Amino acid sequence: MSHQAIIADDIVLKIEELSIAFGGLKAVDNLSFQIREKEVFGLIGPNGAGKTTAFNCITQFYKPNHGKIYFRDKNNNVTNLIDHPVHEVIKLGLVRTFQNVELIRELSILDNVLIGAHIDFKSSLFSQALKLPKAVKEEKDLRDEAIEVLRFLGIENRKDLPAGGQPYGILKKVELARTLMCRPKLIILDEPAAGLNDVETVQLAQTIRTIRDRYNCSILLVEHDMRLVMDVCDQICAISFGKFLAVGTPKEIRKNKDVQTAYLGTEDDET
Amino acid sequence: MNKKLLKNPYIQFVLFGVVLSLLPLLVLFGILPSSYITLIGGVIIYSISALGLNLLLGYSGLISLGTAGFMGTAAYISAYFTVNLHMPFEIALLAGLIVPLIIGVLVGLVSLRIEGLYLAIATLCVSEILRKTFEELSFLTNGFSGKTASYPKLLGFINLTRDTSYVLLVVFLVLVMILIYNLVNGQLGRALNAMRGSEAAAQAMGVFLLKYRLIAFALATGLASLSGVLYVHFIRFTYPTTWTMGMSLNILAAIIIGGVRNIYGTILGCFIVFAVPDLFLKQIPYFGTMNGFAYIFNGVLIILVIMFYPHGLIYIGNDIKRLFNKKKGKV
């Protein structure tokens, strides 16, 4: 609440001078950017640029050495995410996927999605153990909601199959479904198109837009597939070696000299 | 309709209990020797403990070697309450649950920040400390000579015999099975599974690791304590030498052999580890009477099970069914 004035009304996430170092390596160095409500925001950069590290700092898997991460939560309060432990971040309405899909192989797809609703279960352990009516109703309601989300993503028919052994494209969708269970304000996608074929990537772009419109949330994504990034993002931030390069619309980024240099190298590099 | 009813897991648990409690009748009619009641009663007691450990080992992926220590603590406390303090069985049961639970939670708070083998070593140390306490604290435990207790007296006036105590064990087992089934198929089970599958994903979904580890540890300790209380009132004596690492390892072996994350598998495992040596192995000439033959048997069995049934021997049923269907198909 004390941070209310710091970020403008339409900003959902604002990163200020974020830095983290591992030993002598500055993985993220003085990075700042901000994301508006209902915006699809891309974070790009060559391999090792520190994109995933930046993600991990935002979601509190790493505690940054320096900087502020302001987030406007579900109740429209602004907090500094650094003050929250990693498992509380989702309660504020910030949820993420992982670069290498992190699902539980032994559980059914539906149960995997229900893990995303972990924080929505209010009934006590006692009432769960005895299956008191309240716990049963809660489980049923959330189960219905999970089926609804799976239907939205077009994989409802697979809900009872175990996650292990499903094709990669399906697993990516399950992970996406899991993030939607908490009715997020901001979804962070770590390389959503990695391992997908061309058709699936085109579908993904459509899915990302539909999610934004239907769930009224912002999306931050790290991606190597430039076609997807240029196609789906409203704003893009480019970084290289942990440092900020440029921010702008896809068109602006494509034309930016620094970005071109970072990706393709300068002529000096070749000699 | 009937088939649907039989498929209901709760009905299955109750039926399982009913079948188990028929054992004293079989003994009464002289079909089975009466020593079987003690033997199967023991299996039930260890099963309750193993079901708790399965929650910890199978679902959250944490290894504890402290089971025996907590079982022993509960057994001694319950014996002390009923024999020395002349308290009713119900109060002794409650005390036998609460005291080890408090110790368990304290130990958990300190040790659950570490994982894998380190946690195993930490819990093993606690267990050994507890066992040493049983030996030394002789005003409470009678030291090496062991402590005796009697069959439970329910509500202060129902004196149970060996056979009715056995039925009480079955009742407790069925209750524990239902409890575990409800817990692992709900939010708790999913959270524990998520923790085992991917700690990162679990945390990102809002699972507070320490809290859920502590819950799993407390549940395992609680069930170990329950089985300890039942042990002392069924076997009717307890020695410090009962509660060794060997016991903890046997319970662990039962879970691995029978089936991790499987209620019936765990019970099957306990039957194999705790009853098969007495029932069958002792009949084998020469080898059967060899000291420690049961350990060799368990060791070989673990290797075989991990090679052919990595998820537990309970899945042998599926294979047998398939074999049957194949044969039917041919005919």
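Predicted model: local features only at pLDDT ≥ 70, side-chain atom pairs only at ≥ 80, totals over all residues.

Switch to a cartoon view and you'll find 11 helices and 10 strands in chain A. Of its 271 residues, 42% count as buried. Among the contacts in chain A with a separation of 6 or more, 68% are between residues 24 or more positions apart.

Next, colour chain A by domain. Domain 1 takes in 1-93 + 183-271, while domain 2 covers 105-182. The centres of these two domains of chain A, taken over C-alpha atoms, are 27 Å apart. Where they touch, domain 1 of chain A puts in 12 residues and domain 2 of chain A puts in 8 residues. On the domain 1 side, select helix 2 and helix 7 (198-215) of chain A, the elements giving two or more residues each. Which of them gives the most to that side? Helix 7 of chain A does, with 4 residues. By class, that domain 1 side has 7 nonpolar, 2 polar and 3 charged residues.

Now bring chain B back into view. The contact between the chains uses 26 residues from chain A and 21 residues from chain B. To see the chain A side, pick helix 2 (89-92), strand 6 (94-96), helix 3 (109-115) and helix 4 (125-129) of chain A, the elements that supply two or more residues there. Colour that side by class and you get 13 nonpolar, 5 polar and 8 charged residues.

Time to go inside. The largest nonpolar core has 171 residues, and those with the most contacts inside it are A:Val113, B:Ile48, B:Leu169 and B:Ala216. Both domain 1 and domain 2 of chain A give this core at least three residues each. Zoom in on A:Val113: leaving out residues up to four places away in sequence, A:Val113 touches A:Ala146, A:Val149, A:Leu150, A:Val174, A:Ala177, A:Arg178 and A:Met181.

Last stop: colour chain B by confidence. Its average pLDDT is 85, with 97% of the residues scoring at least 70. Confidence in chain B is lowest in helix 1 (residues 2-7), at a mean of 74, and highest in helix 12 (residues 209-234), at 91. The model scores ipTM 0.85 and pTM 0.88.

How values were computed
Residues numbered from 1 in each chain as written. Chains lettered and ligands numbered in written order. Buried ≥ 20, exposed ≤ 12 C-beta atoms within 10 Å, placed from the backbone. Contact = placed C-beta atoms within 7 Å. Nonpolar A, V, L, I, M, F, W, Y, C, P; charged D, E, K, R; others polar. Core = buried A, V, L, I, M, F, W, Y, C linked by C-beta atoms within 7 Å. Domains from an automatic or database assignment. pLDDT = per-residue confidence, 0-100.
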